[in-house]
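Colleague: Before we discuss details, could you put the model on the screen?

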Amino acid sequence: MPKKISGLTTFLIKSAKPKEKSYKLFDGNGLYLFITPTGGKLWNVKYRFDGKGKKISLGAFPAVSLSLAREKLSEIKELLAHGTDPMDARQTVKAELTETTVNTFKNIINECFKQQSNIWTEGHTDKIKARIDNDILPFIGDRPIKHLSAPDILAVLRRVESRGAIETAHRIRTICSQVFRYAIATNRAESDPTIALLNDLCNFTNT
């Protein structure tokens with residue numbers, strides 16, 4: 001049985017040496033440090049939710065200090081007190097982070113461009129890239145694609161239209177539509193807001 005230690009200290013943690021087998025140093029309230037044979041020191045919290053025993057990791061020492069591990073433990077206890085599984089809360093945060101940093105319009109349009117540019121001529125590739133870099137990305141590139149709406153895309157098109165480039169605006173709407181349809185197919189968007197712009201752009205010439 002692992003030796004239970006009530007109330008860890010930073011000195012004690014730093015002094016803990018690896019052994020032939022992994023072992024645990026307990027701080028209390030479910031918080032413990034897992035010492036691996038290679039010397040890793042990993043924070044974990046054991047808790048119960050809905051009648052089931054669970055474990056959640058908090059990171060490695062010293063990047064996660066003793067005081068920070070205890071702060072995270074307090075957050076976990078607060079979630080449990082409100083009937084929320086800390087693991088579910090972590091997954092929600094992770095999903096939101098993915099939406100804001102990974103599933104941006106820029107990243108997805110770049111995926112589309114990379115696939116299509118392999119079959120385009122060099123001239124066509126340069127033309128499409130210029131439209132993307134100059135007329136689309138500076139305005140909506142960093143936005144999560146799920147958060148973009150028809151007014152957001154219309155604002156992009158109106159900027160192009162305002163300089164008299166009507167046909168270019170129409171083609172940019174087509175590019176955006178293709179990106180949204182690709183995002184829908186790859187489960188990163190739920191709809192294509194450019195469809196709502198067809199009537200607004202009825203004066204544009206055909207592609």
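Colleague: With which side chain does the side chain of Glu161 make a polar contact?

Modeller: This is a predicted model, in which local features need pLDDT of at least 70, side-chain atom pairs count only at pLDDT 80 or more, and totals for chains, interfaces and linings use all residues. Residues are numbered from 1 along each chain as its sequence is written, and side-chain values use heavy atoms, with hydrogens and water left out. Glu161 lies in helix α6 (residues 150-162), a helix being a DSSP run of H or I with at least four residues, numbered from the N terminus. Its polar contact (a pair of N or O atoms within 3.5 Å, one able to donate a hydrogen and the other to accept it; residues adjacent in sequence count only if both atoms are side-chain atoms) is at 2.6 Å, with the side chain of Arg158.

Colleague: Is Glu161 buried or exposed?

Modeller: Buried means under 20% relative accessible area, exposed over 50%, and partly exposed in between, with a 1.4 Å probe and protein chains only. Because its relative accessibility is 18%, Glu161 counts as buried.

Colleague: Where is Thr104 placed, and what is its relative accessible area?

Modeller: Thr104 sits in the loop between α3 (86-101) and α4 (105-117). Among the residues it touches are Glu99, Asp142 and Arg143, not counting residues up to four places away in sequence, where contact means heavy atoms within 4.5 Å. Thr104 is buried, its relative accessible area being 7%.

Terms used:
Helices (H or I, at least four residues) and strands (E, at least two) are DSSP runs, numbered from the N terminus.
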